Amino acid sequence: MNSNKKDGGSAFLWDNIGSNLLRIQPFLDSIIVDAEGCYLVDADGRRILDMAAGQFCGILGYKHSSFIERLQKQVSMIIHIPNQYVSYEVLDAARRLAEICPGSLNQVLFLSTGSEANECVLRIAKVITGKIGTLAINRGYHGISLATRNLSSISDYPWKIDYQPSAHGAHKLIAPTCNSCPLKMTFPDCKAECLDLSLNLIGSRTAEIGMVIIETVISAGGMIFPPKLYIQKLYNLSKEIGALFVIDEAQTGFGRCGKWFDFENYEIEPDILVVSKTAGNGYPVSAVVVSDEVRNLLETSGFTHLSSHQNDPLAAAAVHAVIDIVEQDDLINQARKKGEYFLEKLLKLQEQHACIKDVRGRGLMLGMELDWQSFPQKTGAFYLAMLCQKYGLHVTFSYYEQVVRFIPPLTVTMEDIDFAVEALHKSINDMKKETIDIKNLLPQNPRNAEFIKILNGNRSFKKIIKKIYNTSPKYWAQRIRELVE
Ligand SMILES: Cc1ncc(COP(=O)(O)O)c(C=O)c1O
């Protein structure tokens with residue numbers, strides 16, 4: 001792995017070639033020049049343990065030799081062909097994906113991103129049910145396109161002009177934040193009453209819902225693991241109201257939660273399964289997998305869907321390679337075992353730090369919730385993530401709860417986990433210091449510093465932050481109160 005300082009280092013690169021990238025998001029200071037296994041290497045020669053697997057996609061880690069070989073072979077054969085033809089690779093990858101999907105989920109369409117796949121599913125649901133309304137969990141995330149943002153809370157800002165127009169009939173469910181229930185109920189005695197209440201709040205407009213979509217682990221929304229009863233009850237409710245039940249396994253698919261697909265842990269079978277991120281180990285590919293029943297209804301409806309990179313041979317080869325490698329390297333069992341080890345380590349860390357409110361996980365999807373008020377400067381998950389960077393650890397955080405997320409490649413080692421927990425320990429100790437200057441933790445690169453200033457002065461951004469931290473359970477409690485009064 002190349003760990004030499006490159007061309008004067010990150011700061012030099014930001015100054016000299018860093019001004020032509022459109023500024024639409026803040027960036028960390030490191031400029032990445034190499035990666036291997038679970039580590040990124042920056043232009044300053046620093047190794048950074050990536051506990052987010054890129055954007056949660058890289059389940060095989062960086063530079064997995066068999067994955068590279070398979071893709072290189074495919075690149076040298078066919079990357080892309082006309083939509084009017086289908087390639088051998090696409091048929092074979094669809095067969096292979098159907099093989100690992102349980103039950104009657106056996107009809108596959110390959111696309112490029114999660115947003116694109118969910119957008120396609122929205123069209124499918126409308127055609128099949130004749131209804132245009134949707135129902136999603138109020139802290140879910142399903143994409144950034146104009147339609148999928150309405151299924152998501154994190155990318156749904158109704159007051160922002162660039163997010164208009166909003167889709168008609170996009171309804172939300174109360175998220176199962178059972179450890180801080182807005183109804184002040186206790187699971188399992190509550191029997192997931194939040195779902196009945198959600199439908200009561202929607203009232204007669206429930207009739208317009210043609211599709212229910214969920215993540216089995218609500219990741220960006222707070223690393224929430226819905227109880228089995230919640231998901232099974234929601235599944236039954238969706239059948240009662242005549243809606244398709246869709247599961248979005250962008251992050252959880254292909255073994256991360258200890259089964260090929262996490263919905264198998266819930267003992268239900270969706271009408272439609274959507275995979276993306278992990279499906280291509282970082283190569284952009286998604287897939288919509290529908291049941292026989294959906295296929296029959298769809299094929300007789302005359303539904304068509306065409307886009308430039310639909311069913312591309314290279315994308316299909318990436319999915320095929322991921323499935324083969326996960327199987328050959330026994331990565332599903334490894335995700336289970338390493339996940340247990342990681343959770344144990346986090347529980348031990350919790351014993352040492354009272355500021356850790358909760359740790360939770362399934363396989364290699366784990367979260368650590370902080371009591372941000374216990375830190376002298378009332379800092380939370382965001383600042384902890386910034387501190388971890390200083391110790392060579394990259395972690396992300398959730399947007400609705402003060403939760404640090406750990407979603408590493410399935411190839412992560414026990415040593416990597418130990419390293420991560422040690423870096424967390426040091427970072428938490430730093431956060432406890434009265435003297436820590438939190439402003440210094442923010443990235444200092446010239447593009448970023450200016451951008452953060454603009455965001456901070458921006459009223460919409462302040463509204464977003466306010467909304468994020470005001471959203472349920474407080475928000476729901478208020479909505480319920482308003483309804484009762
Ligand atoms: C559960 C889930 N669905 C959909 C998406 C959107 O996928 P993409 O960013 O590939 O469009 C994401 C991305 O974070 C996701 O986490």
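This is a predicted model: local features need pLDDT of at least 70, side-chain atom pairs count only at pLDDT 80 or more; totals for chains, interfaces and linings use all residues.
**Domains**

The chain is divided into domain 1, residues 65–328, and domain 2, residues 330–441. Taken over C-alpha atoms, the centres of domain 1 and domain 2 are separated by 28 Å. Where they touch, domain 1 supplies 19 residues and domain 2 supplies 20 residues. The side of domain 1 that touches domain 2 is made up of eight nonpolar, eight polar and three charged residues.

In soluble globular proteins, nonpolar side chains tend to be buried together. In this model the largest nonpolar core has 126 residues, and I272 and A287 have the most contacts inside it. Helix α9, residues 313–328, gives the most to this core, with 10 residues. At least three residues of this core come from each of domain 1 (65–328) and domain 2 (330–441).

Not counting residues up to four places away in sequence, I272 touches V121, I124, L244, V246, V288, V289, V290 and V294. A second, separate core has five residues, among them Y141, I154, A220 and Y400.

**The ligand shell**

The residues that surround the ligand are T113, G114, S115, Y141, H142, G143, E215, S219, D248, A250, Q251 and S276. By type, this shell around the ligand divides into two nonpolar, eight polar and two charged residues. Y141 is in this shell, and Y141 also belongs to the second, separate core.

**A sheet of four strands**

Four strands form an open sheet in the order β1-β2-β3-β13, with mixed pairing. The edge strands, which each pair on one side only, are β1 (32–36) and β13 (393–394). Strand β2 covers residues 39–42, and β1 and β2 pair in the antiparallel sense over four bridges. D42 in β2 is the bridge partner of I32.

**Helix α11**

Is helix α11 largely enclosed or open? Helix α11 spans residues 381–390, and seven of its 10 residues are buried, so α11 is largely enclosed by the rest of the structure. The buried residues are A381, Y383, L384, A385, M386, L387 and C388. They pack against strands β12 (365–370), β13, β14 (396–397) and β15 (403–406), and against helix α12 (414–431). Just after α11, G392 takes a positive phi of about 80°.

**Two loop residues**

R205 lies in the loop between α6 (193–202) and β7 (209–214). R205 counts as partly exposed because it has 13 C-beta neighbours inside 10 Å, and a residue with 12 or fewer would count as exposed. Leaving aside neighbours within four places in sequence, R205 is in contact with G133, G169 and H171.

I24 is in the loop between α1 (9–17) and β1. I24 counts as exposed because it has 6 C-beta neighbours inside 10 Å.

| Pair | Separation along the chain | C-alpha distance |
|---|---|---|
| R205 and P82 | 123 residues | 42 Å |
| I24 and N448 | 424 residues | 9.9 Å |

I24 and N448 are 424 residues apart along the chain, yet their C-alpha atoms are separated by 9.9 Å. For R205 and P82, 123 residues apart, the C-alpha atoms are separated by 42 Å.

Terms used:
Residues are numbered from 1 along each chain as its sequence is written. Two strands pair if DSSP finds at least two bridges between them. A nonpolar core is a set of buried Ala, Val, Leu, Ile, Met, Phe, Trp, Tyr and Cys residues joined through C-beta atoms within 7 Å. A residue is buried if 20 or more other C-beta atoms lie within 10 Å of its own, exposed if 12 or fewer, and partly exposed in between; C-beta atoms are placed from the backbone. Domain bounds come from an automatic or database domain assignment. Two residues are in contact if their C-beta atoms, placed from the backbone, lie within 7 Å. A residue is near a molecule or strand if its C-beta atom, placed from the backbone, lies within 6 Å of it. Ala, Val, Leu, Ile, Met, Phe, Trp, Tyr, Cys and Pro count as nonpolar, Asp, Glu, Lys and Arg as charged, and the others, Gly among them, as polar.
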